Amino acid sequence: MKSFNGGKKCLVWPIWLGIAALCAVLVGGGCSGSTDPGDGGETITISFNPVAQGQEVDLGATLGFSVTAPKAAVLNVNWWRNGIVDRRGTEYTYVPAVPGVDTLRAQAEADGVTDSYFWVINVKSTGNSLPPAVPAVAAGPGPAPGDVLVSWMRAGPSAYPVVAYQVAISYTGVITEANWASARMVREVPNEVGRVGYEENLTVAGEQMVPGADAWFAVRALDEIGQMSPVATNGFTTITTGWWLNGVVRDDRDALLVGATVRSADPDLSTNTDVNGLFSLGPFRSIDRAVLTTATSNAAISGWFDFQSGEIDSVSGRDYEIVLIRRYVLDAECDLYGGQFLNYLRVMTRTEFDVTDPANTVLHRWDTYPLRAYVPDLVNSTGVDFGEAARFAMAYWDSVMGEAYFAAATDEAAAEVVFVFDDSRPNFNGQVSLLEPSGPDINLGDVVPEKVESYLNTTIATQKFAREVALHELGHVLGLLSHSACRQSGYLMVAGASGNLSNPDPIHPDEQNAARCVRRLPREVDMAGYSVSR
């Protein structure tokens with residue numbers, strides 16, 4: 001640009017030196033007008049206002065500019081902005097459009113005298129012009145391991161329309177406006193007219209979430225002129241990791257079940273056991289608590305009561321064992337238990353559902369087998385050898401079950417089962433009592449047993465009956481805690497049992513199956529998880 005001011009020629013500024021350098025020169029003082037004598041000898045002076053060529057204005061405010069030539073008959077002014085003539089006239093009201101550095105040029109002609117003038121204008125954002133802070137920013141686990149759900153509510157009314165929301169993540173701490181540039185922008189979400197809430201799922205594959213890391217998330221509204229809202233709040237979460245639930249499905253006879261379906265409802269996952277009865281289900285999130293169900297009513301697998309587990313986490317799910325109970329056919333002469341072996345087993349183990357005591361359904365069995373039994377020697381006055389009766393009963397249970405359930409112990413302190421022979425309980429031929437753990441109102445079946453006493457009354461008159469009572473009491477020791485009501489079926493575990501050694505099966509097959517189930521089922525299994533219906 002050029003002008004004449006007191007006979008001094010003004011600087012022509014090369015654009016390649018940049019706007020910032022131009023501001024420095026212009027703010028320090030520049031050309032403020034020109035003079036030239038007109039045809040009639042009058043001096044024509046063109047003045048540009050304001051004089052300072054470096055100006056600042058807040059977005060949303062305005063600046064006034066003017067050109068004067070008092071002695072000129074005609075004054076024409078073109079106002080140049082963004083490379084085009086924006087307005088004509090001696091006055092110009094500058095309305096900023098976007099924050100940043102802008103320029104304005106006035107080109108004037110007064111009675112043949114021409115001049116031009118530049119201003120460099122720094123447009124600043126203000127609290128009134130910025131979009132309002134985005135409310136209700138929250139972060140939490142997404143649907144898959146490593147995913148993060150970030151949610152927020154739409155920004156309120158804005159001076160300039162909001163066009164998008166920018167989502168950023170930091171692994172080092174809270175995101176602020178000051179450190180926004182060091183956070184990583186992971187997604188830009190277009191603003192949707194009428195939409196109130198937003199939720200975005202950020203993934204390991206798409207946004208490179210880091211499983212296991214603590215992460216802070218901020219969301220800023222972006223308006224149509226490039227302004228961003230303040231940062232009011234952060235969402236925080238620990239990004240989940242993944243885990244797989246691995247296990248085996250077998251039955252109460254140790255048969256590995258091939259092709260059994262194992263599924264989880266939430267999340268919805270399903271698989272089938274392989275040729276070794278093994279399964280692997282996942283991935284689950286580190287926060288997930290899986291509940292498994294089995295399905296064996298398919299072409300390959302049937303004949304078992306299906307099972308639903310309690311909640312399983314990443315620790316208990318490392319080597320999870322599911323033991324399914326076979327659908328044994330109960331003795332036809334027993335019309336109780338709805339004809340279902342599972343009902344019979346629950347009654348005998350005292351694990352029927354009780355609305356007043358939901359924990360009653362948990363099966364408390366011995367930790368290890370065989371059980372070490374201490375048997376003293378005692379023969380009563382009629383020649384009944386109680387030590388022999390106890391040892392016979394132990395051996396008979398082992399023989400019928402086909403594996404060792406009992407072993408002799410020479411040290412009473414080291415035994416899990418201690419036989420006691422006396423006549424101190426005249427109302428009982430035999431009785432089993434819990435010794436350890438001990439405590440008020442703790443009975444056999446309430447806790448995992450550690451030590452029990454098996455009592456035989458020494459007034460028993462015959463060796464055969466002493467053996468039968470010992471067999472019966474050891475049935476209680478093995479977890480058949482109740483008495484069966486089906487006396488006509490020849491069950492050993494009926495109240496006041498006698499004569500069983502005269503039966504073809506002194507220990508009824510239903511009782512053998514029940515005792516085997518107790519031993520094979522996982523420790524502390526919830527019997528309510530087994531289902532009679534398919």
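Me: Where is P50 found, and which strands stand on either side of this residue?

Reply: P50 is found in the loop between β4 (43-49) and β5 (54-58), where the strands, like the helices, are DSSP runs numbered from the N terminus (helices are H or I with at least four residues, strands are E with at least two). The peptide bond that leads from N49 to P50 is cis, with omega near 0°. This is a predicted model, in which local features need pLDDT of at least 70 and side-chain atom pairs count only at pLDDT 80 or more, while totals for chains, interfaces and linings use all residues. Residues are numbered from 1 along each chain as its sequence is written, and side-chain values use heavy atoms, with hydrogens and water left out.

Me: What kind of peptide bond joins D266 and P267, and where does P267 lie?

Reply: That peptide bond is cis as well, with omega at about 5°, and P267 lies in the loop between β20 (261-264) and β21 (269-272). As background, most peptide bonds are trans.

Me: How do you know that C334 and C486 form a disulfide?

Reply: The sulfur atoms of C334 and C486 are 1.8 Å apart, and a disulfide is a pair of cysteine sulfur atoms within 2.5 Å, so the pair meets the rule. By this rule the count comes to one disulfide.

Me: Why is the disulfide of C334 and C486 called right-handed, and which parts of the chain does the pair tie together?

Reply: The torsion about the S-S bond of C334 and C486 is about 55°, and the disulfide is therefore right-handed. Since C334 sits in the loop between β25 (320-326) and α3 (341-349), and C486 in the loop between α5 (463-477) and α6 (509-520), the pair ties together parts that are 152 residues apart in sequence.

Me: What makes D111 and R350 partly exposed, and what is said of their phi values?

Reply: D111 has 35% relative accessibility and R350 has 40%, values that fall between the two cut-offs, so each counts as partly exposed. D111, in the loop between β10 (100-110) and β11 (113-124), has a phi near 50°, a positive value in a residue other than glycine. R350, in the loop between α3 and β26 (371-374), has a positive phi of about 55° although R350 is not a glycine.

Me: Why are α3 and α6 called roughly perpendicular?

Reply: The two helices pack at an angle of about 70°, with their axes 10 Å apart; axes are lines fitted to C-alpha atoms, for helices over the stretch in contact, and angles run from 0 to 180 degrees between N-to-C directions. Angles from 65 to 115 degrees count as roughly perpendicular (under 35 is roughly parallel, over 145 roughly antiparallel, and the rest oblique), so α3 is roughly perpendicular to α6. Among the residues making the contact are F341 and Y344 of α3 and C517 and V518 of α6.

Definitions and conventions
Contact = heavy atoms within 4.5 Å. Buried < 20%, exposed > 50% of the residue type's maximum accessible area, 1.4 Å probe, protein only.
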